[in-house]
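Colleague: Could you walk me through this one? I'd like to go slowly, a piece at a time.

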Amino acid sequence: MQKKVVVLVGVILLGIQLCSLYFIGTIYQMMKLSNGDTKSIKQQCQINEVSLAMNLQQAADYLGIESEQLRRVLVTERNILDERGSFSGDMIPYIKIDDEYCFSKIALDEWLYATSRETVNYDTNTYERSK
């Protein structure tokens, strides 16, 4: 019994360490970008078989919509937050540095799961959102 507890604690500690390393790496990458790294945001967000980061066009393709629609949804959410001071529900997760958007595939998947549990309508022509 004690041996199982020791193994379980070891597995949990290993998981915490791996998560910590992932977050430290992400923070390091963001610090490189904010300190004038020569690579552009677009280069940093290039998606391939290994990368989990996407630029605006790639995120729109992933969601199955046009990039302009995605941009308008982001503007709609920001306008609602600015006007009301709060936002009901989950906003699309992204990082924006200057005029470049960067999306996490994992965060988009989590947003899709959470948002698909409720009916949300975006009118990208009038920049409105309704449930």
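Colleague: Okay, in which helix is Leu 74 found?

Modeller: Leu 74 is found in helix H4, where helices are DSSP runs of H or I with at least four residues, strands are runs of E with at least two, and both are numbered from the N terminus. Before we go on, please keep in mind that this is a predicted model, in which local features need pLDDT of at least 70 and side-chain atom pairs count only at pLDDT 80 or more, while totals for chains, interfaces and linings use all residues. Residues are numbered from 1 along each chain as its sequence is written, and side-chain values use heavy atoms, with hydrogens and water left out.

Colleague: And is Leu 74 buried or exposed?

Modeller: Leu 74 has a relative accessible area of 2%, so it counts as buried; buried means under 20% relative accessible area, exposed means over 50%, and partly exposed is in between, with a 1.4 Å probe and protein chains only.

Colleague: What does Leu 74 touch?

Modeller: Leaving aside residues up to four places away in sequence, Leu 74 touches Leu 56, Ile 92, Tyr 94, Tyr 101 and Phe 103, where a contact means heavy atoms within 4.5 Å. As for Tyr 94, this residue is 20 residues from Leu 74 along the chain, and their C-alpha atoms are separated by 9.1 Å.

Colleague: Where's Ile 80, and what does that one touch?

Modeller: Ile 80 is found in helix H4 too, and because its relative accessibility is 8%, Ile 80 counts as buried. Again not counting residues up to four places away in sequence, Ile 80 touches Gly 85, Ser 86, Phe 87 and Arg 129. Ile 80 and Arg 129 are 49 residues apart in sequence, and from C-alpha to C-alpha they are 8.3 Å apart in space.

Colleague: Let's zoom out. How many helices and strands does the protein chain have?

Modeller: The protein chain has 5 helices and 5 strands, and read along the sequence they follow the pattern α-α-β-α-α-β-β-α-β-β. Of the 131 residues in the protein chain, 22% are buried. Among contacts between residues at least 6 apart in sequence, 47% join residues at least 24 apart.

Colleague: Now H5. Which of its residues are buried?

Modeller: In helix H5, which covers residues 105-115, the buried residues are Ala 107, Leu 108, Trp 111 and Thr 115. Seen down the axis of H5, these residues fall within an arc of 100 degrees, so they line one face of the helix; the arc is that of the directions from the helix axis to the C-beta atoms.

Colleague: What's on the face turned away from that side, and what covers the buried residues?

Modeller: The face of H5 turned away from its buried side carries the exposed residues Glu 110 and Tyr 113, whereas the cover over the buried residues of H5 includes strand S1 (53-54), helix H3 (56-63) and strand S3 (100-104).

Colleague: Which residue caps the N-terminal end of H5?

Modeller: Ser 104 does, with a side-chain oxygen that lies 3.3 Å from the backbone nitrogen of Ile 106.

Colleague: And what happens at the start of H3?

Modeller: There, a side-chain oxygen of Asn 55 reaches to within 3.1 Å of the backbone nitrogen of Gln 57. Asn 55 itself is in the loop between S1 and H3, and with a relative accessible area of 14% Asn 55 is buried.

Colleague: What about the buried residues of H3, and what do they pack against?

Modeller: The buried residues of H3 are Leu 56, Gln 58, Ala 59 and Ala 60, and they pack against S1, H4, S3 and H5. After H3 comes Gly 64, whose phi is positive, near 80 degrees.

Colleague: Which residue other than glycine has a positive phi, near 60 degrees?

Modeller: That is Asp 98, which has its place in the loop between strand S2 (95-97) and S3. Because its relative accessibility is 71%, Asp 98 counts as exposed.

Colleague: One more loop: is Glu 66 buried or exposed?

Modeller: Glu 66, in the loop between H3 and H4, counts as exposed at 56% relative accessibility. From C-alpha to C-alpha, Glu 66 and Leu 56 are 9.6 Å apart in space, and they are 10 residues apart in sequence.

Definitions and conventions:
A polar contact is a pair of N or O atoms within 3.5 Å; within protein, one must be able to donate a hydrogen and the other to accept it, and residues adjacent in sequence count only if both atoms are side-chain atoms.
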